[in-house]
Amino acid sequence: YISIGYNLPEGGQVSLYLTDVTGNSTSIQPVMQQKAGKYRIKYDGSHLAPGVYTIALRLTDNKGLHRMRTSRIIKK
């Protein structure tokens with residue numbers, strides 16, 4: 001499992017995506033409404049091939065502003 005932690009500075013709609021080096025993207029978490037605060041989810045990445053992946057978190061706040069944060073992981 002991949003443990004993914006994130007902190008939201010304010011509430012809004014949140015989605016998480018995992019993208020491989022070829023640009024193929026998979027939704028880790030469907031779009032959900034979340035309040036400000038700390039969160040941690042587990043994602044079963046056992047089906048993923050070894051390689052480098054980007055995890056992107058997208059937050060759309062209640063004013064309609066978008067924020068995105070990315071991190072890279074390496075699966076051996």
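A residue is called buried when its relative accessible area is under 20%, exposed when it is over 50%, and partly exposed in between, with a 1.4 Å probe and protein chains only. By this scale T19, with a relative accessible area of 23%, is partly exposed.

1. Basis of the note. The model is a predicted one, in which local features need pLDDT of at least 70 and side-chain atom pairs count only at pLDDT 80 or more, while totals for chains, interfaces and linings use all residues. Residues are numbered from 1 along each chain as its sequence is written, and side-chain values use heavy atoms, with hydrogens and water left out.

2. The sheet. Strands here are DSSP runs of E with at least two residues, numbered from the N terminus, and two strands pair if DSSP finds at least two bridges between them. Four strands make up an open sheet, in the order β3-β2-β5-β6, with antiparallel pairing. Because β3 and β6 stand at the edges with a single partner strand each, one side of each has no neighbour in the sheet. On average, neighbouring strands of this sheet are turned by 15° against each other, direction ignored; the axes behind this angle are lines fitted to C-alpha atoms, and angles run from 0 to 180 degrees between N-to-C directions. In general, the strands of a sheet pair through backbone hydrogen bonds, either parallel or antiparallel.

3. β2 with β3. Strand β2 (residues 12-20) and strand β3 (residues 25-34) run antiparallel and are joined by seven bridges. Two of the residue pairs may be located in the structure: L18 has T26 as its bridge partner in β3, and T19 has S25. The hairpin of β2 and β3 has four residues between the strands, and G23 takes a positive phi near 95° in this hairpin.

4. T19 across the fold. T19 belongs to strand β2.

5. β2 with β5. On its other pairing, β2 meets strand β5 (residues 51-61) in the antiparallel sense, over nine bridges. One example is Q13, whose bridge partner in β5 is T60.

6. β5 with β6. The antiparallel pairing of β5 and β6 extends over 10 bridges.

7. L59 in β5. Is L59 buried or exposed? At 3% relative accessibility, L59 counts as buried; its place is in strand β5. L59 and P9 lie 50 residues apart in sequence, and their C-alpha atoms are 9.8 Å apart in space.

8. The salt bridge. How many salt bridges does a search of the whole structure find? The search finds one, a salt bridge being a side-chain nitrogen of Lys or Arg within 4 Å of a carboxyl oxygen of Asp or Glu. The partners are E10 and R67, whose closest N and O atoms are 2.7 Å apart. The pair links distant parts of the chain, 57 residues apart: E10 is in the loop between β1 and β2, and R67 is in strand β6. E10, at 23% relative accessibility, counts as partly exposed, and R67, at 37%, also counts as partly exposed. R67 and L57 are 10 residues apart along the chain, with their C-alpha atoms separated by 8.2 Å.

9. The largest pocket. A pocket is defined on a 1 Å grid over the protein atoms alone, as an open set of points where a 1.4 Å probe fits, with protein on both sides within 12 Å along at least five of seven lines; lining residues have an atom within 4 Å of a point. The largest pocket holds about 300 Å³ of space, the volume being the space filled by probe spheres set on the points. Its lining has 17 residues, and G5, Y6, L57, R69 and S71 lie nearest its centre. At least two residues of the lining come from each of β1 (2-8), β5 and β6 (66-75).

10. The lining of the largest pocket divides into 10 nonpolar, five polar and two charged residues. In this count Ala, Val, Leu, Ile, Met, Phe, Trp, Tyr, Cys and Pro are nonpolar, Asp, Glu, Lys and Arg are charged, and the others, Gly among them, are polar.

11. D44. D44 is placed in the loop between β4 (37-43) and β5. Its relative accessible area is 35%, so D44 is partly exposed. The C-alpha atoms of D44 and G5 are separated by 14 Å, and the two residues are 39 residues apart along the chain.
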